[in-house]
Amino acid sequence: MIIHRVIRKVQRFQGWFGSGAALCLIAGLYIGLVDSPPDYYQGEVVRIMYVHVPLAHTSLFAYIVLSVGSMWYLWKRDPIVDNMCHAVAALGAIFTTLALATGMIWGKPTWNTWWTWDARLTSYSVMLLILISYLMLRTFIDDHEKEARYAAVLAILGLVDLPIIHFSVEWWRTLHQPQSFSMRGVSMSSEILIPLMCMSIGMSLLFSYMLMVRTQLLYLDRLLHAKKGRLLSQFHMSQSDS
Amino acid sequence: MTFFNVIRWIVWKDLVIELRSRETMSSMVFFALIVIFIFSFSFSMDQQAAREVIAGIIWVAFAFTGIIGLGKSFSTELQNDCLEALQMVPESKGAIYLGKVVANFLFIFVVEILLFPMFVIFFNLDVVEEISILLLIFFLATVGLSAVGTLFSALTVQIRAREVMLPILLLPMVIPVMIAAVEATKGALNGDPLTMYSQWLELLAIFDVIFTVVSFWLFEFVMDN
Amino acid sequence: MTAIFCHDLSKSYGHYQVLDGISLTIQEGECFALFGPNGAGKTTLLKILATLLRPSEGHYEILGLDGLKEKEAIRANIMFLAHGAHLYDDLNAKENLEFALALRGLSPTQHEIKLALDRVTIGAFAEMKVRNYSAGMKKRLALAKAMLVKPKVLLLDEPFAALDTAGTEIMREYIRERLSEHSAVLMSTHDREKARPISSRAGMLRQGTLQEISIEALHSDDLF
C-alpha cells in the first residue's frame, strides 16, 4: 500500500527532526539562559521568554495544522489524516497548557499578576478549552468514521471562532481596562534574537518530530484494533461452530 | 424549490409539535424563572448595583435557557429514529439546518420576550424608552446562538454524554455573542446614546452572518457520512 | 439490471468488527432474504446500503450509483423501512405522511393518502396522534409511506416484526407488487415461514460474514 511507503519515508526522516530539535534546543537554552545578558528592565526574569514565546508560537502553529488537516479530512476522508489531527490536538493541548503556564510565571513578576483578561491570553485559553473538548468529544463516539468527521467539524468551527474571540476581547478590554501591560522594554537586539530563533526552530522541530511519531502510533493502533476485531470475530465463529 | 419547501415543512413540523406538546417552551420558561429567582436571592442589591450586573445576569439566564431549547430540538428527532429519515433526505442537508435554525430561533426569542418583563419587575429596571433597541439586541444575539447551537444540537444528539457535551462545545464558541450582547444590553439599560455601543451590534451581526454560513456548510458533515 | 452491488464491505465500531468482507449482488425483480442470529450485523448492512453509515472498507453501488459519491441520487430511489418507524408521536397519520413525503420532494393528494391508509387498514385512525398507535399500527403507517414512494430498491429491517397475520399479508402483497414492477428487495428477518413465499434468494449472515443459501434450505432446520 502507498501509505506504508510514505510511512517508511517519514520514518527515515524523522530522526533528523529529532536530532535537529535536540541540537537547536540545547544551543538555544545555553545561549538564552547562560550566555546572553539579562534584560535592562526585566533583569533575569526575561529569560523565561526563550521558552514561553516558542511554546506560544508552536501551539498556534498546531491549531493551524489541526484545522487544515480537518478540512483535508472532510475533503478526502483519508483515515491517516484523521490520525494526524488526533495527534496534533493532543500535542497542541500540551503545548498550549505549557505556553499559558510559562506566560503566567512570566506575568507575575513583570505585570504583577498571574492572570489578566487580555485578548491574547483569553483566546489562548479558549483555544485550550476547544482542544480539550475536541479530545473529549472523540472519546464519546464509537464509530471511527463518525468520530473523525465530528472532530473535524469542531476544529474548523473553532478556527473561525478564535479570531472573532480575539477581536471581541480586544474591544471589550479597551472599554474596561487601560492598556497598561505591553511588551515594554524588550528590544529585539541580536543577543535576544539569536537564542529566540534557536528555541523557536528547535521547538517547531520537536513538535514535528513528536507529531510524526504519534501519528504513526495512532495509525498502527487502528490497524491493530481492526486486526484484533477480525481475529475476535473469527474466534467467536469457530466457537459457535464447534 | 424543494429546498425552500423542506425549510418550510421542518419549521411547520417543529411548531406544530411544540404547540401540541408544549414540552420545550414550558421547560425553558420554568427553568429561566428559577434562574431569575436564584440570581435575585444571591445578589440582594439596590437599583444602582443592579445596573452594573443585570446585563450579565440576563444573558447568563438566556444562554442556559437557550441550551435547554436547543438540546430538545434534536432529541425529539430520536423518537422512532426520525433522525434517520432526516439523514436520508435526498435534498442537501442545508435545508434541514435552516428550518431548524428558524424554529429554534423562534422558541428562544419568544421565551426571551416572555422572560424580560420578569427581569424588569424583579430587578426594578426602567426600560420603556430603550425597548426597541433591546429587542434588536435580543434578536441579533439569539440568531447567533441558534446558528451555532443548532449545529451542535445535531452533533451531540448522535454521541454519548450528549446532555453534557452540548454546553461544553457550545459555550466557548458563543463567547463573542455573550460579550457583545452583555455590553450592548448594558449600554441600552444605562440609556447611553446608541453610538457608544453600536459597535457591539455590528459585531453580533457579523458573527450571525459568518456562523450561519459556516454552520450551514458543516451541517452537511454532521448529518451525512 | 443490477440493483444492489457491494464488494468486500467491512464495518467496525471501536474494537468490534461487525461486518467483515460482505460481497453481494442483487438484480432488479429479486427479493433477497437475509437471515442471521442477533448481533450478526444485519441491520448494519442495511444501514450501509441505505446510505446511513459509511463502510470502514469496501464499496457499494445502488442502481449503478456509487454509494460514497452519489448518495443524494440513491436516496431519491430507495426506501428503508427501519426498526424505528420514523414517525413523530405528536403528529397524526396524515401529517406524518405529508411531512415524510415532502422531505422527498413529493406532494401526494389527499385521495392518494387516503387510499394508502385504507390499504394498510388504518384509514379510520388517520386523524389520531401517532402517540396512541400500537407498534403494529406504526409499522402499517410506515408501510403506507413506502406505498406512496414507489422506490426502485426496497430495504426492509424485520418487516414482519410486530405485524399480525393480516398485516403480514399486506406487507407481502406490497413486496410482491414492488417485485412485479422490477424493484429489488433486501430484507432482514428471523421468520423464514413468513419470508419464504416471497423470497427468490436467501443468505445467512454470521459473525460479519455472508453465506448464500439455497431457497430449498429454508425448508430444512439444519441452518437455523
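Trainee: How many residues does the contact take from chain C and from chain B?

Mentor: This is a predicted model, where local features need pLDDT of at least 70, side-chain atom pairs count only at pLDDT 80 or more, and totals for chains, interfaces and linings use all residues. Residues are numbered from 1 along each chain as its sequence is written, while chains are lettered from A and ligands numbered from 1 in the order in which they are written. Two residues are in contact if their C-beta atoms, placed from the backbone, lie within 7 Å. Counted this way, the contact takes 22 residues from chain B and 26 residues from chain C.

Trainee: Which elements of chain C give two or more residues to the side that touches chain B?

Mentor: Helices here are DSSP runs (H or I, at least four residues) and strands are DSSP runs too (E, at least two), numbered from the N terminus. The elements that give two or more residues to this side of chain C are helix 2 (71-77) and helix 3 (93-103) of chain C.

Trainee: In what order do the six strands of the open sheet in chain C run?

Mentor: Two strands pair if DSSP finds at least two bridges between them. The edge strands, strand 6 (78-81) and strand 10 (209-213) of chain C, each pair on one side only. With mixed pairing, the order in chain C is 6-7-8-3-9-10.

Trainee: At about what angle does helix 5 of chain C run to strand 6 of chain C?

Mentor: Axes are lines fitted to C-alpha atoms, for helices over the stretch in contact, and angles run from 0 to 180 degrees between N-to-C directions. Helix 5 (residues 135-149) of chain C lies across strand 6 and strand 7 of chain C, and its angle to strand 6 is about 175 degrees.

Trainee: What radius of gyration does chain B have?

Mentor: Chain B has nine helices and zero strands. The radius is taken over C-alpha atoms, and the globule rule is 2.2 Å times the number of residues to the power 0.38. For 225 residues a compact globule would come near 17 Å, which agrees with the value for chain B, 18 Å.
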